[in-house]
Amino acid sequence: YGGTNPVFTVTYSGFVNDESLANSDVVGAPLLGTLADTNIPVGTYDIMNSVGSLTSTNYTFSFTNGTLTVAAAAITVTAGNQSRPYGATNPPLTASYTGFINGDTAAVIVGAPLLSVGTGTNSPVGSYTITVDTGSLIATTNYAFFLINGTLSVTPASLIVSADNEGHIYGGTNPVFTVTYSGFVN
């Protein structure tokens, strides 16, 4: 859908006396055409075949039409990459769409993709696949869906290390310094 038509070709059959197109008296080319253009919806269409400039002394011509199959174009559904610190909840998962043609917009889609990631607040630092599935997505017959997964990056949580306040008497030795940790999660 939305693509230009390929170059149409023909196949010849019925030659006699071990002849072929190359060693026969057939000259010229048939006229090939279709009513299908870049805006035609998904489906099958005749490739019309007629005499064009074909001539031959030894052969007459009969023509069989071919078939042009217009297949669905791909709408790419891409899961958006996300990140969050260790211990936090997952952010909302999102998806974007590309691949619309012939002036079409997201209005040709209804429903929503199913986005999921196998992590929770206890999942360690690392990268996790955000899986995208068609879910309830439906598009007009001119489109099919191509799915691209995303990545959720779990980053280290911030741990705060604070030096404890200490004191000593003038002329005395410094006390043992200590710290307090805060920011632990889970």
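In this predicted model, the side chain of Thr119 makes a polar contact with the side chain of Asn90, at 3.0 Å. Thr119 sits in the loop that runs between strand E8 (114–117) and strand E9 (126–133). With a relative accessibility of 13%, Thr119 counts as buried, because the limit for that class is under 20%. Once its neighbours within four places in sequence are set aside, Thr119 is in contact with Arg84, Asn90, Tyr128 and Leu152.

E8 and E9 run in the antiparallel sense, joined over four bridges, and Val117 stands opposite Ile130 in E9. E9 also pairs with strand E12 (residues 150–155), again in the antiparallel sense, over five bridges. Here Gly126 stands opposite Val154 in E12.

Attention now turns to the aromatic rings. A search of the whole structure finds six aromatic pairs. One of them joins Tyr12 and Phe15, whose ring centres are 6.5 Å apart and whose planes meet at 45°, so this pair is tilted. Tyr12 counts as partly exposed, at 28% relative accessibility. Phe15, at 23% relative accessibility, likewise counts as partly exposed; both values fall in that class because it covers the range between the limits of 20% and 50%.

Technical notes:
Residues are numbered from 1 along each chain as its sequence is written. This is a predicted model: local features need pLDDT of at least 70, side-chain atom pairs count only at pLDDT 80 or more; totals for chains, interfaces and linings use all residues. Side-chain values use heavy atoms; hydrogens and water are left out. Rings of Phe, Tyr and Trp (its six-membered ring) pair if their centres lie within 6.5 Å; planes under 30 degrees apart count as stacked, over 60 as edge-to-face and the rest as tilted. Buried means under 20% relative accessible area, exposed over 50%, partly exposed in between (1.4 Å probe, protein chains only). Helices (H or I, at least four residues) and strands (E, at least two) are DSSP runs, numbered from the N terminus. A polar contact is a pair of N or O atoms within 3.5 Å; within protein, one must be able to donate a hydrogen and the other to accept it, and residues adjacent in sequence count only if both atoms are side-chain atoms. Contact means heavy atoms within 4.5 Å. Two strands pair if DSSP finds at least two bridges between them.
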